[in-house]
Amino acid sequence: MLVGNGHTPGPEVSSWYSGKGDFADLLISGVSITTGPFSNLSAGPFDVDLLVCPACEAPTDLEALHDHIDRWITHGIDPVATCGRCGHAAHARTLRGGDDSVLVGNLAVTFYNWPPLEDAAWSRRVMAVIVECLGSRPSVAQAKL
Ligand SMILES: [Zn+2]
């Protein structure tokens, strides 16, 4: 069972997955929903050293990026940083590098110990359910803690 402010998997969702094991029976398994300013840069491990400007690929000023993310989290100010090399003003979401994207938003859904949502063993696409509920496709980040 999930401890804290999360929700354990509902009775139907484990029937959607035919892969190995039953993730719903794990000690920690569930979903938490966080509203308000959120960024994966402040929520967990992230390899920020690979982030570059989307215009000229200059390395991102990491101290400035974290300051912008802090202002987003505390004041809701969009994290837009100006590149020190080319002057391009880039929203944190547009920074590129590595396998992960910088996520910035007001709604985060975190899955604990669920199989990858793109796994072919899902008979019903979890992301499609989320898109149906929200009306738009969310950004996705994965992390292993
Ligand atoms: Zn640049």
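**Briefing: a two-domain predicted model**

The C-alpha centres of domain 1 and domain 2 lie 28 Å apart. Domain bounds here come from an automatic or database domain assignment. The structure is a predicted model, in which local features need pLDDT of at least 70 and side-chain atom pairs count only at pLDDT 80 or more, while totals for chains, interfaces and linings use all residues. Residues are numbered from 1 along each chain as its sequence is written.

**Domains and overall dimensions**
- Domain 1 is made up of residues 1-38 + 104-145, and domain 2 covers residues 47-99.
- Taken along the principal axes, the C-alpha atoms of the protein fill a box of roughly 50 × 30 × 30 Å.

**Secondary structure**
- The protein contains 3 helices and 4 strands, where helices (H or I, at least four residues) and strands (E, at least two) are DSSP runs numbered from the N terminus.
- Their pattern, read along the sequence, is β-α-α-β-β-β-α.

**Burial and contacts**
- Of the 145 residues, 17% count as buried; a residue is buried if 20 or more other C-beta atoms lie within 10 Å of its own, exposed if 12 or fewer, and partly exposed in between, with C-beta atoms placed from the backbone.
- Among contacts (C-beta atoms, placed from the backbone, within 7 Å) between residues at least 6 apart in sequence, 65% join residues at least 24 apart.

**Leu-134**
- Leu-134 lies in helix H3, which spans residues 126-134.
- Leu-134 is classed as exposed because 11 other C-beta atoms lie within 10 Å.
- The C-alpha atoms of Leu-134 and Val-52 are separated by 30 Å, and these residues are 82 apart along the chain.

Definitions and conventions:
Two residues are in contact if their C-beta atoms, placed from the backbone, lie within 7 Å.
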